Amino acid sequence: MSSSPEDKAKTPEKFQNLKTTLPPKNSVGFTSIKVVLGQVSKYMKPSDVLKISAKINQKGGFDCPGCAWPDPDDERSSLGEFCENGMKAMAEEAQNKTIGETFFQKHSVDELASWSDFEIGKSGRLSEPMFLAEGASHYQPISWKAAFNKVATHLNKLNNPDEAVFYTSGRTTNEAAFLYQLFVREFGTSNLPDCSNMCHEASGSALSETLGIGKGSVTLDDLYKAEVVMVIGQNPATNHPRMLTALEKCKSNGGKIIAINPLPEAGLIKFTNPQNPLKLLTGGTKIADIFVPITINGDVAFIKALLIKLLEKEELSGGVFDKDFINDFTFGYQNFISDLKTYNFEDCLKASGVSKAIFDDVFNLILNNNKIIICWAMGLTQHQNAVDNIRELVNLLLLKGSIGKEGAGTCPVRGHSNVQGDRTVGIWESAPQAFLDKIEAKYGFKPSTKHGYSVIDSIKAMYEERANVFFGMGGNFISAVPDTAYAAQAISNCNLTVHVSTKLNRSHLVTGKEALILPCLGRSEKDYQKTGIQVQSVENSMGIVSSTKGVLEPCSDKLISEVAVVCGVANATLQGKTKINWLQYKDDYNLVRNDIQEVVDGFENYNTKLKESSGFYLPNGARVRQFKTKTGKANFTINKLPEWKLKDDELIMMTIRSHDQFNTTIYGLNDRYRGIYNERRIIFMNREDMETRGLKEQQIVNLKSEFNGVIRKANNFKVVGYDIPKNCCATYFPETNVLVPLDSFAHTAKTPASKSVIITIEII
Ligand SMILES: Nc1nc2c(c(=O)[nH]1)N[C@H]1C(S)=C(S)[C@@H](COP(=O)(O)OP(=O)(O)OC[C@H]3O[C@@H](n4cnc5c(=O)[nH]c(N)nc54)[C@H](O)[C@@H]3O)O[C@H]1N2
Ligand SMILES: Nc1nc2c(c(=O)[nH]1)N[C@H]1C(S)=C(S)[C@@H](COP(=O)(O)OP(=O)(O)OC[C@H]3O[C@@H](n4cnc5c(=O)[nH]c(N)nc54)[C@H](O)[C@@H]3O)O[C@H]1N2
Ligand SMILES: [Mo]
């Protein structure tokens with residue numbers, strides 16, 4: 001009998017061999033270089049390692065698929081900016097091992113699903129298209145043509161185009177993403193959920209409403225010039241390592257760094273720049289001047305406490321707020337101030353879990369400086385009140401006039417290397433009407449104006465059988481989404497699931513009745529087409545568009561590019577109905593860019609600019625104090641304190657990344673910066689909380705979450721005592737996604753609240 005979708009979707013509950021140490025006092029440095037050498041020599045050919053190191057994040061080279069942090073224009077070392085996790089991402093993609101017919105003949109889908117995510121990832125690069133027939137236990141090879149026809153047949157027999165869901169992960173380039181959304185819209189739906197729905201959607205919502213653009217406002221240069229940088233809800237040493245170099249530079253210019261995080265993340269505390277041999281020997285730079293050990297989801301309370309004290313000081317002696325900026329550029333100041341006055345400072349500080357002494361240090365820095373940058377990531381966006389978190393930060397910046405001037409502004413640090421670009425070129429389930437109008441004007445069909453499904457809506461639609469074809473452009477949907485058991489049922493209700501992927505992952509194993517794996521080229525590989533090797537482009541976290549061109553030979557001659565996949569699927573599906581010559585685009589990506597420049601603002605002379613410069617900035621209103629909001633001004637907003645309350649036995653849990661993973665891709669089993677080795681099924685707990693429950697180090701427990709009467713369980717976790725505020729705990733994503741309730745998400749943005757899951761511990 002075959003395993004249930006739920007069993008296949010969950011990560012196996014077996015243990016490795018946990019070892020713990022005290023977390024290191026430093027990050028990056030020599031160990032980083034050693035770890036990279038170990039990783040690349042294990043999985044890559046030496047000649048490929050050399051090619052890659054010479055071309056990663058270099059002009060004329062390819063964009064690192066690791067994260068969306070921008071590249072510095074200056075002081076580039078000849079070997080590119082070294083980044084441990086960037087190189088680990090490369091070792092993962094540019095692996096010399098491939099899997100195809102023989103591998104899938106040997107291993108059934110059920111067997112593969114019993115492997116850990118680490119084992120699945122290490123199997124190798126996907127090398128040929130594979131098909132899983134209804135009722136079959138094993139995937140078998142299929143030709144590209146037959147695969148395209150299979151997709152087309154399923155799509156064309158739907159009663160309504162809205163019965164299909166088209167997901168995108170954030171590695172897809174601008175060219176592939178633009179064509180993909182164009183195909184989906186011509187097919188007739190706007191069901192374009194993407195990883196952004198689970199990531200920075202709350203930032204997009206909050207920033208569009210308040211500042212008129214869903215992106216950050218700062219440049220790298222601003223970071224160097226800031227007087228204060230607040231890094232809140234973010235772990236850069238692991239997830240954006242090159243950001244530490246920018247913070248170090250800010251510090252050497254006299255800037256101060258405030259880190260606000262429930263965990264004393266190693267890289268925030270001290271960092272040894274691998275670019276700087278002297279620093280490697282002398283032991284590095286202290287990054288955070290002030291570390292604020294906030295309680296999980298205590299951020300609105302903490303910021304409110306700051307706002308209250310700033311207002312008191314302003315009313316007492318003036319000169320604290322930037323009155324000119326407030327008068328000229330903002331809306332809603334009076335209402336905001338009246339609301340702020342209804343809150344009590346002590347209550348707010350208590351709810352934040354921060355001591356008065358630490359609060360005072362932060363307050364003085366904010367009071368006495370006006371060039372403030374706030375950087376944030378998932379620690380703020382994955383809560384029910386995620387949008388409030390970000391709006392409250394904007395309130396602070398607006399009061400200080402810290403927006404649209406040198407050294408000041410908003411810096412949501414994006415995740416996937418092109419998640420921002422994908423949205424810019426149209427991957428959006430609720431794209432603005434102006435964009436849809438331009439599509440209609442250019443291509444002559446009327447795109448659906450319905451609000452399409454986000455990730456959460458898609459899962460519900462598949463569960464309720466309102467949608468029954470799932471198409472994934474990259475990513476690992478089943479492991480990334482909340483509520484694994486419910487999502488597994490949803491996916492298995494589908495008639496067809498399709499994944500365009502570079503590596504095998506769990507989403508290929510939890511399938512609809514029929515399933516396809518369409519293997520594609522990775523960023524690092526040469527993309528040969530009729531008009532020669534193609535260049536593509538991506539947008540980083542700061543709105544700079546730059547080119548990316550692979551340098552390695554493709555790992556299999558059966559791989560095609562994402563662009564070619566879209567063209568093939570569109571051509572097969574829309575034959576006879578389309579107004580677009582789909583196949584022309586794959587021969588020459590310049591044609592795609594010519595189209596993008598007609599439809600998307602800021603891409604004038606796209607092809608020329610891409611060739612001539614190392615990158616060009618897209619327009620950004622907030623950066624120049626042009627706020628394209630409904631009021632035409634930057635808006636103050638009113639945000640309540642979150643209302644959840646823990647019962648005696650409950651803890652609030654955040655699901656975070658270890659140092660050895662990229663989202664659902666597990667590079668290794670260590671989390672070096674937190675002193676964890678060889679295990680992922682752990683729960684970090686405050687030692688007093690362990691004591692009250694009679695728990696010992698490494699004791700095995702089960703975790704349970706109850707939400708709206710539904711109980712969810714994740715079994716077998718080892719307890720690790722850690723420096724984390726009381727009543728808070730942390731586990732790794734995706735092992736605990738089973739516990740994240742589908743209906744617990746951010747208002748307005750629908751980001752799953754995977755950083756505030758209320759759980760209890762079951763002693764076994
Ligand atoms: N190597 C590597 N790089 C990556 C990724 C990866 O998995 N591996 N993922 C990429 C992607 S898609 C993304 S979105 C980013 C993710 O980058 P991050 O957002 O840095 O990743 P998380 O591990 O989710 O970490 C969230 C941080 O927020 C803190 N935190 C959690 N809850 C709260 C809270 O309530 N308040 C505050 N103040 N802090 C809180 C946690 O302690 C943790 O330090 O990284 C990108 N880069
Ligand atoms: N509990 C919990 N859940 C979370 C999060 C959390 O913090 N906690 N974080 C959320 C966030 S921020 C995000 S962004 C999502 C991530 O969700 P996804 O983007 O869906 O997941 P990834 O793990 O990044 O996807 C990895 C897969 O992408 C494929 N891939 C890699 N490179 C390429 C490429 O170049 N092209 C193609 N076509 N495929 C490629 C490989 O097959 C690989 O297995 O997860 C979310 N889920
Ligand atoms: Mo993300």
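The following legends describe close-up views of a predicted model.

This is a predicted model in which local features need pLDDT of at least 70 and side-chain atom pairs count only at pLDDT 80 or more, while totals for chains, interfaces and linings use all residues. Residues are numbered from 1 along each chain as its sequence is written, chains are lettered from A and ligands numbered from 1 in the order in which they are written, and side-chain values use heavy atoms, with hydrogens and water left out.

**View 1. The largest nonpolar core.** A nonpolar core is a set of buried Ala, Val, Leu, Ile, Met, Phe, Trp, Tyr and Cys residues joined through side-chain atoms within 4.5 Å; buried means under 20% relative accessible area (1.4 Å probe, protein chains only). The largest such core has 62 residues, and Phe-166, Phe-183, Phe-471 and Trp-582 have the most contacts inside it. Apart from this core lies another, of 59 residues, including Phe-359 and Phe-627.

**View 2. The surroundings of Trp-582.** Contact means heavy atoms within 4.5 Å. Beyond its neighbours within four places in sequence, Trp-582 touches residues including Leu-179, Phe-183, Glu-186, Cys-567 and Asn-571.

View 3. Strands are DSSP runs (E, at least two residues), numbered from the N terminus, and two of them pair if DSSP finds at least two bridges between them. Strand 20 joins strand 21 (residues 544-548) over 4 bridges, and Glu-539 stands opposite Val-545.

View 4. For Cys-567, the nearest cysteine sulfur, that of Cys-520, is 14 Å away. Cys-567 counts as buried because its relative accessibility is 0%.

Conventions
Buried < 20%, exposed > 50% of the residue type's maximum accessible area, 1.4 Å probe, protein only. Disulfide = S-S within 2.5 Å.
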